[in-house]
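Morning, everyone. I have one structure to show today, and I'll keep it short.

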Amino acid sequence: MKVLVAVKRVVDANVKVGVKSDGTGVDISNVKMSINPFDEIAVEEAVRLKEAGAIAEVVAVSCGVEQSQETLRTALAIGADRAILIGTDEALQPLAVAKLLKAIVDREQPSLVMLGKQAIDDDSNQTGQMLAALAGLPQATFASKVVVAGGNATVSREVDGGMETLSLTLPAVVTTDLRLNEPRYVTLPNIMKAKKKPLEIVKPEALGVDVTPRLKTLKVSEPPKRSAGVKVPDVKTLVEKLKTEAKVL
Ligand code: AMP
């Protein structure tokens, strides 16, 4: 059994980005890039499944620019066995990524595909769901516990009303939530070992996928600055202000 894990190269979670002066996008020149945090959790979970003997191989896949190889090396250092980069300079939207991943799913035939619930740069929360639809696979999103046994995955997921547990027939798509696990600290020997693990590079054209963007960004701007708040002395004044000033009561 094989697990395919999708990992995206994103601006590091600790970096505060700004909007480009011409309003065409977010300025990411010279900022630190990292593996998307939810994808790191997905890799960690896949490696734990392998360590527990539930699956045999972990394959990491990333779509994007050449530097995404660094992201794949991080996945390999956590414990993935091999990696695939679908290399392109085109700005990829979730539908394009889902189509590329579908092509890899067709080729690799994994028992389980793991993705993050969302990429922290676009916050789309779409790719896993689109992949499941394109590939005709069952899906469980926002996983906080995954158990693989006997050709099934039992997934606990956090929903508005509490916890929900789904039983999926494999192969299936699972997207990870923050509480699934705490990724291990990557050690120097494992970083060194990762450099020697196989990393294949393919082009979208070789997979027969058209990655042309379907959505056009018209303008990117900073959110309006929030005006300073006021402290109220008591609940009575708060209710009064909510009625008269905020007009929400
Ligand atoms: P999104 O739908 O953009 O919020 O992304 C959800 C998940 O899809 C991410 O956490 C990744 O696991 C996967 N994903 C999105 N974009 C890429 C990409 N360019 N390469 C690999 N995986 C991706």
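I'll start with the annotated domain and then turn to the ligand site.

Keep in mind that this is a predicted model.

First, the annotation. An unreviewed UniProt entry lists residues 23–211 as "domain: Electron transfer flavoprotein alpha/beta-subunit N-terminal". In the model, that span is 31% helix and 32% strand. Its end C-alpha atoms lie 24 Å apart.

Where does the ligand sit? The space it takes is the largest pocket. Two elements each give two or more residues to the shell around the ligand: β6, residues 57–64, and β8, residues 112–116. Of the elements, β6 gives the most, with three residues.

How many residues surround the ligand? There are 18. The closest are Asp39, Cys63, Ala119, Asn125 and Thr127. Sorted by class, the shell has eight polar, seven nonpolar and three charged residues.

Let's look at some individual contacts. Take Asp39 to begin with. One of its polar side-chain atoms lies 2.5 Å from an oxygen atom of the ligand. Gly116 uses its backbone: an N or O atom there lies 2.9 Å from a ligand oxygen. Ala119 also contributes through the backbone, with a polar atom 2.8 Å from an oxygen atom of the ligand.

How much of the ligand does the protein bury? Taken alone, the ligand exposes 480 Å². The protein buries 99% of that.

That's the site. Questions, please.

Methods. Residues are numbered from 1 along each chain as its sequence is written. This is a predicted model: local features need pLDDT of at least 70, side-chain atom pairs count only at pLDDT 80 or more; totals for chains, interfaces and linings use all residues. Side-chain values use heavy atoms; hydrogens and water are left out. UniProt positions are given in the numbering used here, feature names are shortened, and annotations may be inferred rather than shown by experiment. Helices (H or I, at least four residues) and strands (E, at least two) are DSSP runs, numbered from the N terminus. A residue is near a molecule or strand if one of its heavy atoms lies within 4 Å of it. A polar contact is a pair of N or O atoms within 3.5 Å; within protein, one must be able to donate a hydrogen and the other to accept it, and residues adjacent in sequence count only if both atoms are side-chain atoms. Accessible areas come from the Shrake-Rupley method with a 1.4 Å probe; for residues, only the protein chains shown count as cover. On a 1 Å grid over the protein atoms alone, a cavity is a set of points where a 1.4 Å probe fits but cannot get out, and a pocket is an open set with protein on both sides within 12 Å along at least five of seven lines; lining residues have an atom within 4 Å of a point. A molecule sits in a cavity or pocket if more than half of its atoms lie within 2 Å of its grid points. Ala, Val, Leu, Ile, Met, Phe, Trp, Tyr, Cys and Pro count as nonpolar, Asp, Glu, Lys and Arg as charged, and the others, Gly among them, as polar.
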